[in-house]
Amino acid sequence: MALRAGPLTGRRGRRIVLDRVEPGPLASGTITALLGANGSGKSTLLRALAGLFPVDGPVWLGPHDLAAMRAPERARYCAYMPQTLPPPIHMQAIETVMVSMRAGGGSGGARFGGDEAIGTALGVLERLGIADLALRFLDELSGGQRQLVGLAQALARSPALLLLDEPLSALDLRHQFEVMAFLRRETETRGMVTVLVLHDLGMALRRADSAVMLHDGRMIGSGPVGDVVTPAVLAAAFGVKARVERSPEGDPMVLVDGVTGS
Ligand SMILES: Nc1ncnc2c1ncn2[C@@H]1O[C@H](COP(=O)(O)OP(=O)(O)OP(=O)(O)O)[C@@H](O)[C@H]1O
């Protein structure tokens, strides 16, 4: 099921914070990175796709009119992970994953806390490489560990549309790579549409299929990630002089030489 959204226009008070933004269509089984400077509108767009920020304009997932759905129905199709980490509550990681599954109706009718639900939750934790955290309490985990549990909460709902706001922000280098590899596998095997906000442009180039570049609430680039992350678009979006180079292994990297106008 492809995601077709927009043109979307959103306001905060009298200020337009999304101006006729039209990402996609975004195909199932692909990852799209939302890119742009601080305050450009990335989180607002992600929240609009999740139905958490009111916008004018259509949001369709395959034949499903997400914009017309109320929150509980929409939650059956999409899982959203905010920029803030899951709160450090006194609850075991696996329990919080099962609570999330119930909220999204993604437990396939499995009884809360039953063997099937436990198996599903544990499976996601295992695939994420954090099965050892299953019985730990969230208020005894580090920030990065809680972010990983937050990802498991979103994935365990088996969404068709996965929306992640800066899912790597609290993770060390190795975990960033492992999580992106995990997201690629899950996105492809489940045929999800995955949309994530990223600040790491090199990571976006290496691991995303497509990208949307926002500037001041407007879309200034959209399409295959290599066509969006270019010196011209980076200059317009961030005000930097940047190059895209290749590592000896052929991986693309963004090098910033300075700021424009200096
Ligand atoms: N709660 C709010 N009330 C009023 N304006 C807001 C609020 N949250 C965000 N904004 C404004 O909306 C615009 C878009 O913000 P948004 O959070 O979507 O940016 P962003 O691209 O995600 O930024 P960042 O990279 O810093 O997280 C900004 O101008 C911001 O100041």
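**View A. Shell of residues around the ligand.** By class, the shell around the ligand comprises one nonpolar, seven polar and two charged residues. In this predicted model, the residues around the ligand are Arg12, Val17, Gly36, Asn38, Gly39, Ser40, Gly41, Lys42, Ser43 and Thr44. Helix α1 (residues 42-50) provides the largest share of this shell, namely three residues.

**View B. The hairpin of β2 and β3.** Strand β2 (residues 8-12) and strand β3 (residues 15-21) run antiparallel and are joined by four bridges. Arg11 has Ile16 in β3 as its bridge partner. Two residues lie between the strands of this hairpin, and Gly13 in the turn adopts a positive phi of about 65°.

**View C. The six-stranded open sheet.** Six strands with mixed pairing form an open sheet, ordered β7-β8-β9-β4-β10-β11. At its edges are β7 (78-81) and β11 (218-224), each of which pairs on one side only. From one strand to the next, the twist averages 15°.

**View D. The three-stranded open sheet.** Three strands in the order β1-β5-β6 make up an open sheet with antiparallel pairing. The edge strands, β1 (3-5) and β6 (64-65), each pair on one side only. Three bridges connect β1 with strand β5 (residues 59-61) in the antiparallel sense. Opposite Ala5 stands Val59 in β5.

**View E. Contact between the two domains.** The domain assignment divides the chain into domain 1 (1-77 + 159-229) and domain 2 (87-157). Their C-alpha centres lie 23 Å apart. In the contact, 14 residues of domain 1 meet 14 residues of domain 2. On the side of domain 1 that touches domain 2, β8 (161-165) and α6 (173-190) each supply at least two residues. The largest share of that side, five residues, belongs to α6. Sorted by class, the side of domain 1 that touches domain 2 holds nine nonpolar, one polar and four charged residues.

**View F. Packing of α3 against α5.** Two packed helices are described by the angle between their axes and the distance between the axes. For helix α3 (residues 93-104) and helix α5 (residues 143-155), the axes come within 8 Å and cross at roughly 35°. The crossing in which α3 passes α5 is right-handed. Ala93, Thr96, Val97 and Ser100 of α3 make this contact with Val149, Ala152 and Gln153 of α5. Four of the residues in the contact of α3 with α5 are nonpolar and three are polar, with no charged residue.

**View G. Placement of α5 on the sheet.** Helix α5 lies across β7 and β8, and runs at about 170° to β7.

Terms used: Residues numbered from 1 in each chain as written. Predicted model: local features only at pLDDT ≥ 70, side-chain atom pairs only at ≥ 80, totals over all residues. Domains from an automatic or database assignment. Contact = placed C-beta atoms within 7 Å. Nonpolar A, V, L, I, M, F, W, Y, C, P; charged D, E, K, R; others polar. Near = placed C-beta within 6 Å. Axes fitted to C-alpha atoms, helices over the stretch in contact; angles between N-to-C directions. Left-handed = near helix turned anticlockwise from the far one by under 90°. Pairing = 2+ DSSP bridges.
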